[in-house]
Amino acid sequence: MPNTENDKDLKLFFNNEYVSLKAYVHSKIKDTTDRDAEDIIQEVALKLFSRTDNSSPITNITGFVYRAIKNKIIDTMRTKTKRMSFEEQTELKLLEFSELFYENSSDTYSDTIKIELKKAISNLKPEYQSILIAVDFEGYNYKEIANETGIPIGTLMSRRHRALSILAKKLETKRHIN
């Protein structure tokens with residue numbers, strides 16, 4: 001294995017933060033065992049270490065590793081989706097959805113953000129809330145919704161775009177207040 005700067009930084013990070021990484025995985029997947037959490041961390045570590053020789057320098061190791069682990073958790077949960085409860089599926093969708101708003105922030109990993117996101121969605125106008133939930137949480141496409149409701153696809157797309165814009169503004173304001 002190459003001995004690049006990324007390689008050294010990743011080794012140090014995984015050695016120092018392994019327990020925290022395991023706790024993070026447990027916090028995101030409620031029914032995980034220690035073995036499952038370790039498997040997720042080890043798969044991510046293997047993937048990251050196999051790419052250290054041909055990647056540019058990693059400036060934020062913590063964010064980089066946590067993002068990789070979060071993505072692995074999402075992939076793992078997607079494979080289990082058929083066995084997940086509605087509440088667990090909703091939590092997964094909130095995690096993915098919050099990524100839209102906090103892509104480059106450590107706030108992505110905060111349960112507070114999910115709570116704020118739920119509040120912000122519940123405060124949207126009903127027509128904005130319903131299109132957002134239908135498309136982003138229930139997986140309907142615009143054509144299905146248009147056929148069911150009789151509302152033109154363009155109107156539905158416009159409502160969802162406005163809803164996302166409103167959420168982005170509200171959540172950005174909350175992030176700067178906190």
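1. With which residue does Lys-11 form a salt bridge, and how far apart are the closest N and O atoms? The partner is Asp-7, and the closest N and O atoms are 3.4 Å apart, a salt bridge being a side-chain nitrogen of Lys or Arg within 4 Å of a carboxyl oxygen of Asp or Glu. Lys-11 and Asp-7 are 4 residues apart in helix H1, so about one helical turn separates them. Asp-7 is buried at 0% relative accessibility, whereas Lys-11 is partly exposed at 39% (buried means under 20% relative accessible area, exposed over 50%, partly exposed in between, with a 1.4 Å probe and protein chains only).

2. As to sources, this is a predicted model in which local features need pLDDT of at least 70 and side-chain atom pairs count only at pLDDT 80 or more, while totals for chains, interfaces and linings use all residues. Residues are numbered from 1 along each chain as its sequence is written, and side-chain values use heavy atoms, with hydrogens and water left out.

3. The structure holds 3 salt bridges. One of them joins Glu-38 and Lys-22 at 3.2 Å, N to O, and links helix H2 (residues 34-50) to helix H1 across 16 residues; both Glu-38 and Lys-22 are buried. Another joins Glu-43 and Lys-72 at 2.7 Å, N to O, and links H2 to helix H3 (residues 61-79) across 29 residues. Here Glu-43 is partly exposed at 42% relative accessible area, and Lys-72 is partly exposed at 24%.

4. Helix H1 (residues 5-28) deserves a look along its axis. A straight helix of 24 residues would span 34 Å at 1.5 Å a residue, but H1 spans only 30 Å between its end C-alpha atoms, the expected span being 1.5 Å times one less than the number of residues. H1 bends by about 70 degrees at Glu-17, where the bend is the angle between axes fitted to the seven residues ending there and the seven starting there.

5. The chain comes to 8 helices and 0 strands (DSSP runs, H or I of at least four residues for helices and E of at least two for strands, numbered from the N terminus). Buried residues make up 38% of its 178 residues.

6. On confidence, the mean pLDDT (the predictor's confidence in each residue, from 0 to 100) is 77, and 71% of residues reach 70 or more.
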